[in-house]
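Colleague: Hi! Could you walk me through this structure, one piece at a time?
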Amino acid sequence: MSDATPILHMLSPQKHMSPFDVNMAADAGYKVIVPYINVTLEEVTALTQDAIFSRPPNFGVRTGLFIGGKDAILALDMMDAAQKALVPPFGLSTFADPAGSFTTAAAMVACVERVLRTKFNRGWKGLRVAVFGATGVVGFASSIIAALEGAQVTLVAHRGVDRVIRSAEVSKQRFGVDLIAKSGETEEAKQAIISDAEVIFAAAAAGVRVISAENKAKANNLLVVADVNAVPPPGVDGMELFMDGAPLPGCNALGVGPLAIGDIKYKTESGLFKRMIASDKPVHFDFRAAFELARTLTA
Ligand SMILES: NC(=O)c1ccc[n+]([C@@H]2O[C@H](COP(=O)([O-])OP(=O)(O)OC[C@H]3O[C@@H](n4cnc5c(N)ncnc54)[C@H](OP(=O)(O)O)[C@@H]3O)[C@@H](O)[C@H]2O)c1
């Protein structure tokens, strides 16, 4: 391993770089951390090349580029732009985790996978998964991870089915997955989706309840429900913060709560930063790499 100082350049298209991610990077071992804000996609090539040419290649592997923000597609585009800007043997490592969503989604899918395996002897192939908060960054990444594993994933719209249809189109184009887009805008439509689902990802905005006591009482096929929302009230009625495969009261399903997911999310983000620092060649991490690591943590 190179003994060059680990330097992390942290890019955000927003007004702030997330303090959460800065802390995570420092605690994982980065010694120099520089945030760049209001960064546009067009600026990524120049910033990347500015970072690589100042260090010999064996030092370059200790240079990292983190991409934050709040937009999953933009973060992936920025990561692509950074990789295309590399001029071997000059390189650096990249890691995209906008709003912590890639590592959170990876952790949620890995935690649910563990419950499916240990409590039901089931895997993702053909499993019916309904995603609430599907237009958000966590919902977007978790739906693709589950679909890549073979699940039959439905994106549920709470306003305007067009937005989830667009999201399904983007996912098909970029990742080759077939996601189903459905309206959950009326209570009747929403209940029909919940009653059919075997797994639910509740990834709506903080403090928004998406699954009520009445909803879950009629969820006759439901095996596992995961909730990433840690801000009261829970996204799923009766969900407890640290629930990790325990029975969810008022239905036959098992629950996975936000802090059980948060624990794996934290270890995944930290672990990816550590892998970047330790690698002897440039590495590039998005939600797929996050899931690969998260599932080893829940094995
Ligand atoms: N546990 C953890 O470790 C962890 C880590 C990070 C984030 N989180 C949590 O994960 C959740 C999602 O975060 P995010 O960054 O993906 O948020 P986001 O990008 O703001 O997305 C929020 C989603 O919730 C939907 N939504 C808003 N109001 C709703 C309502 N009344 N009913 C149904 N859906 C509604 C939004 O839909 P529209 O856009 O269509 O309105 C959007 O799809 C949040 O609760 C956040 O706190 C947890």
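Modeller: Happy to! This is a predicted model. Let's begin with an open sheet of 7 strands, in the order β7-β6-β5-β8-β9-β11-β10, with mixed pairing.

Colleague: Which are the edge strands there?

Modeller: They are β7 (180–183) and β10 (244–247), and each of them pairs on one side only. On average, neighbouring strands of this sheet are turned by 25 degrees against each other, direction ignored.

Colleague: How many bridges join β5 to β8?

Modeller: There are 4 bridges between β5 (residues 128–132) and β8 (residues 199–202), and the two strands run parallel.

Colleague: New topic: what is the strand order in the open sheet of 5 strands?

Modeller: The order is β2-β1-β3-β4-β12, with parallel pairing. β2 (32–36) and β12 (284–285) are at the edges with a single partner strand each, so one side of each has no neighbour in the sheet.

Colleague: How many bridges hold β4 and β12 together?

Modeller: β4 (residues 93–96) pairs with β12 over 2 bridges, in the parallel sense. The bridge partner of T94 is H284 in β12.

Colleague: What about α1: which of its residues are buried?

Modeller: D21, M24, A25 and A28 are buried in α1. Looking down the axis of α1, they fall within an arc of 95 degrees, so they line one face of the helix. P19 and D27, on the other side of α1, are exposed.

Colleague: What covers the buried residues of α1?

Modeller: The cover includes β1, β2, β3 (63–67) and α10 (258–278). Just after α1 you reach G29, which takes a positive phi of about 130 degrees.

Colleague: Last one: where is H16, and is H16 buried or exposed?

Modeller: H16 is in the loop between β1 (7–11) and α1 (19–28). H16 counts as exposed because its relative accessible area is 56%, and the cut-off for exposed is over 50%. The C-alpha atoms of H16 and I37 are separated by 5.9 Å, while the two residues are 21 residues apart along the chain.

How values were computed
Residues numbered from 1 in each chain as written. Predicted model: local features only at pLDDT ≥ 70, side-chain atom pairs only at ≥ 80, totals over all residues. Heavy atoms only, no water. Pairing = 2+ DSSP bridges. Buried < 20%, exposed > 50% of the residue type's maximum accessible area, 1.4 Å probe, protein only. Arc of directions from axis to C-beta. Contact = heavy atoms within 4.5 Å. Axes fitted to C-alpha atoms, helices over the stretch in contact; angles between N-to-C directions.
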